[in-house]
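Here's a quick report to read alongside the sequence and the coordinates.

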There are 2 protein chains.
Amino acid sequence: MSENTEAILIRQIIENWAAAVRNRDVEAILANHAKDIVMYDVPKPFQSIGINAYRKTWDTFFAYTKPGVFDIQELQVVADENVVFCFATMKCADKSGTTDYIDLDFRLTTGLKKINGQWTIVHEHHSIPSE
Amino acid sequence: MSENTEAILIRQIIENWAAAVRNRDVEAILANHAKDIVMYDVPKPFQSIGINAYRKTWDTFFAYTKPGVFDIQELQVVADENVVFCFATMKCADKSGTTDYIDLDFRLTTGLKKINGQWTIVHEHHSIPSE
C-alpha cells in the first residue's frame, strides 16, 4: 500500500481511539495497543510501561472526568510501510461545561508499528506545557 | 540498510543533538531538523511551528539555564526504511548543582523522515508530567 493509503488507515485508528475515549470504552481504547506500549501521560506517573499500566491511566482519567469532548484538532501523519508516527493538537473538555470541570488543550504524539500485518500503537505521549 | 543499521544511525543523531545542547551550539542542535518541524516543548508556547520558532525555543532555554547535563537515560528507536520515531527519558541539570538551578527529568519523543537520503527531524515532543 502507498504511504497515503497507510496514512488514511492511521487517521482512522486515531479517530477510533479518540471516539472510544469519548464513549468511555476502555476495551475499544486498547484495541490497537501493544503489550509493551510506553505511555508518557499528562499527569504523573512519569511513564507507564506495558498495557496494564496504560489501562490504569484511563481508569484514573475516567475517575476524574467524563469527557464529552476528546477531539483531534489537527493531525499530521508521517507514514512508511511498517512504521508511522503522528502528532496532533487535541481538546479535552467535560460535557457539563461548568468551570469545575476539565477544559484542556493538549498535545499528542503516537508511534505505531505494523506487527503481524496490524498497525499497533507502541508509544503515546500526551502533554500540556508546564507552567 | 537494515532496520538495525538505521536504528544505530538514529541513535547517533539523537546523541549528537543532546551533545549540541550541552555545548550550547545552536547550529549543531539544528543540524538535522526540517524547515517545517513541529515542536511541542516543556514550557509554553503550546507548539512551535517551523525551524525559526524551533530555534527560538533554544534561545529561551539558554537564556535561563546552562545545562551541564542534558542526557539520554534510556532511548528506544522504532525504525523503518524511511520513517523512524524514538522516545526517551532524559535528564537536564545545571552544572552548578545549586538548588536555584534546573534539575529536571523529562520525556522526549522524536519523529524523523528520510528526506533526499538524509534523516531529518520533523517532530519533537518534550514534556514533564503536569502537577
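## Burial and chain A

Of the 131 residues in chain A, 33% count as buried. Keep in mind that this is a predicted model.

In terms of secondary structure, chain A has 3 helices and 6 strands, and from the N terminus on its elements go α-α-β-β-α-β-β-β-β. The radius of gyration of chain A comes out at 15 Å, close to the 14 Å the globule rule gives for 131 residues, so chain A is as compact as a globular protein of that length.

## Extent and contacts

Along its principal axes, the C-alpha trace of chain A spans about 45 × 30 × 30 Å. If you take the contacts in chain A between residues at least 6 apart in sequence, 49% of them join residues at least 24 apart.

## Where the chains meet

On the chain B side, 31 residues are in contact with 31 residues of chain A. Five strands of chain B each supply at least two residues of that side: strand 1 (33-40), strand 3 (67-79), strand 4 (83-94), strand 5 (103-115) and strand 6 (118-127). Sorted by class, the side of chain B that touches chain A has 14 nonpolar, 10 polar and 7 charged residues.

## The core

The largest nonpolar core has 56 residues, and A:V84, A:C86 and B:V84 are the ones with the most contacts inside it.

So what does B:V84 touch, leaving out residues up to four places away in sequence? Its contacts are A:V83 from chain A, plus B:E6, B:I10, B:V77, B:V78, B:A79 and B:L112.

Note on methods
Residues are numbered from 1 along each chain as its sequence is written. Chains are lettered from A and ligands numbered from 1 in the order in which they are written. This is a predicted model: local features need pLDDT of at least 70, side-chain atom pairs count only at pLDDT 80 or more; totals for chains, interfaces and linings use all residues. Two residues are in contact if their C-beta atoms, placed from the backbone, lie within 7 Å. Helices (H or I, at least four residues) and strands (E, at least two) are DSSP runs, numbered from the N terminus. Ala, Val, Leu, Ile, Met, Phe, Trp, Tyr, Cys and Pro count as nonpolar, Asp, Glu, Lys and Arg as charged, and the others, Gly among them, as polar. A nonpolar core is a set of buried Ala, Val, Leu, Ile, Met, Phe, Trp, Tyr and Cys residues joined through C-beta atoms within 7 Å. A residue is buried if 20 or more other C-beta atoms lie within 10 Å of its own, exposed if 12 or fewer, and partly exposed in between; C-beta atoms are placed from the backbone. The radius of gyration is taken over C-alpha atoms; the globule rule is 2.2 Å times the number of residues to the power 0.38.
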